Amino acid sequence: MATEMNLQIRLVSRPHGLPKEENFSWVKQPIPEPAEGQALIRTLYLSVDPYMRGRMNDQKSYVAPYELNEVITGGVIGEVIKSKSPSLIKGDIILGNIGWQKYSLISSEQVRKIDPDIAPISTALGILGMPSLTAYFGLLEIGQPKEGETVVVSGAAGAVGMIVGQIAKIKGCRVVGIAGSDEKNRYLQEELGFDATINYKTTPNMTDAIAHACPKGVDIYFENVGGTISDAVLSHLNYKARIPLCGLISMYNIKDADVGPRIQSQLLINSALMRGFIVGEFADRFEEATTQLAQWLQQGKLKYRENIVEGFENTIQAFLGLFSGENLGKQLVHVADPSV
Ligand SMILES: NC(=O)c1ccc[n+]([C@@H]2O[C@H](COP(=O)([O-])OP(=O)(O)OC[C@H]3O[C@@H](n4cnc5c(N)ncnc54)[C@H](OP(=O)(O)O)[C@@H]3O)[C@@H](O)[C@H]2O)c1
C-alpha cells in the first residue's frame, strides 16, 4: 500500500491580474514528524480569502507578501493527530493561520483550540471568526449605526457583507445590499431581512438604483468592493455619513491604475468620515465580539451560509471563485473529516 504523503500549494510566481494555475505549484512531501514542543495536524477545513490576493504581490501592506516557493498561509481548522506538545493532545481541534497543505507542524502558541460542542467547527473561520469580527468592528466602531439610518453594503452576499447587513438590522437601520446575482439578492431579502438589494451586474445605472433604494440618502456605506459601485454610492452621502473602508475587491486583480471621480469633495461637502481598517487592530476585543456574535446566532438574530468546495485539489479554484462571485457566504474548502 502506498504511504500517504503531504500535499502543499506554493506560490511560485507573482500573478499579474487574476492568478492562474501556473502561479502555483503542487508539492508532494513525506508527512513530517513533530519535534519536541510541536504537534502534527491534519487540515479539516481551509479558508480562502480575498486578502490573500494582495499577499501574492510584492508590495508593502499591513502584512508581508508571501515568499515565493513557500506554502501559502491562511486560516485553517485542523485536528491534532500526533503531539509532542504538553498543551495539545491527539484529537484536539484547532484554528490557526497555517496554510494550504494537508498536514502541518504547529506549536501551541500558533493556534487556538476550538470546542466542537459549541458550534460546527467550520464556523470558526466564518460566522464566529475573522469575517464576522470584521463586520462587527467595521460597522459598530467606524459606522456607528443609529436607529432609522440607511446602511448600504457592497459585497453584500459574501462572508463579511451578509453579517454587516444583519447587524445593521439588529441596530434598527434600513439596509441596502449590493451583490452580483438575483439569487444572492433574493437570499439577502427573503432570508436575512435586507430591505432592498441591487444586482450590480444587471443594473444599467447604479447611481439611479442607489437613489431609488435609498430615498433618504446614505448614512453608512460599508465598502467591500471599490470601483464604480463605490462611485455610485458616494454620490448619495448624507451629512456626517460614515464609510468603513473594509476592502476593495474589484481592484485586487486590475493591472492598471483605476481612475474615477475624485471623492474628496463628497467627503468635504457632507462632513463625511471615511476610515480604512484592518480587523487585527481590534484584537484585544475579539473575545467580547465573539461572545456577542454567538449570542445573536443562538437567538436567531444572525444567520449564515457557507459555500463549501469539496477536496484540497479544488483549493485554487475556490480561491479564484471569490473574484467571479461563485460564493454565497463564507467560502471554505473541506479537506478531511475529524477522525472521531
Ligand atoms: N479590513 C479587513 O480587516 C478585512 C477582513 C476581511 C475581509 N476584508 C475585505 O472585505 C471584502 C469582502 O471579503 P469577504 O471575505 O466577505 O469575501 P466574500 O465577499 O465572501 O467574497 C468576495 C465577493 O466579492 C464579490 N466581488 C468579486 N469581485 C467583485 C467586483 N469586481 N466587483 C464587485 N464585487 C465583487 C463577489 O460577489 P458578487 O457576486 O456580489 O460579485 C464575491 O462573492 C473584501 O474586499 C476583503 O478584502 C477586509
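Predicted model: local features only at pLDDT ≥ 70, side-chain atom pairs only at ≥ 80, totals over all residues.

Reader: Okay, and which residues of H4 are buried?

Author: In H4, which spans residues 182–191, they are Lys184, Asn185, Tyr187 and Leu188. Looking down the axis of H4, these fall within an arc of 155°, so they line one face of the helix.

Reader: What's on the other side of H4, then?

Author: Glu183 and Glu190 are there, and they are exposed.

Reader: And what covers the buried residues of H4?

Author: The cover includes helix H3 (161–170), strand E9 (174–179) and strand E10 (196–199).

Reader: Switching to the sheet: in what order do the strands come?

Author: Six strands make an open sheet, ordered E10-E9-E8-E11-E12-E13, with parallel pairing. E10 and E13 are the edge strands, each pairing on one side only. From one strand to the next, the twist averages 15°.

Reader: Which strands does helix H2 lie across?

Author: H2 (residues 130–143) lies across E8, E11, E12 and E13, at about 145° to E11. Helix H5 (residues 206–213) also packs on the sheet, where H5 touches E9, E10 and E11.

Reader: New topic: is Asn270 buried or exposed?

Author: Asn270 has 12% relative accessibility, so it counts as buried, the cut-off being under 20%. You'll find Asn270 in the loop between helix H7 (264–269) and strand E13 (273–276).

Reader: What lies 2.8 Å from a polar atom of its side chain?

Author: For Asn270, that's the backbone oxygen of Gln266.

Notes: Residues numbered from 1 in each chain as written. Heavy atoms only, no water. Buried < 20%, exposed > 50% of the residue type's maximum accessible area, 1.4 Å probe, protein only. Helix = DSSP H or I, 4+ residues; strand = E, 2+ residues; numbered from the N terminus. Arc of directions from axis to C-beta. Contact = heavy atoms within 4.5 Å. Polar contact = N/O pair within 3.5 Å; in protein donor to acceptor, adjacent residues only side chain to side chain. Pairing = 2+ DSSP bridges. Axes fitted to C-alpha atoms, helices over the stretch in contact; angles between N-to-C directions.
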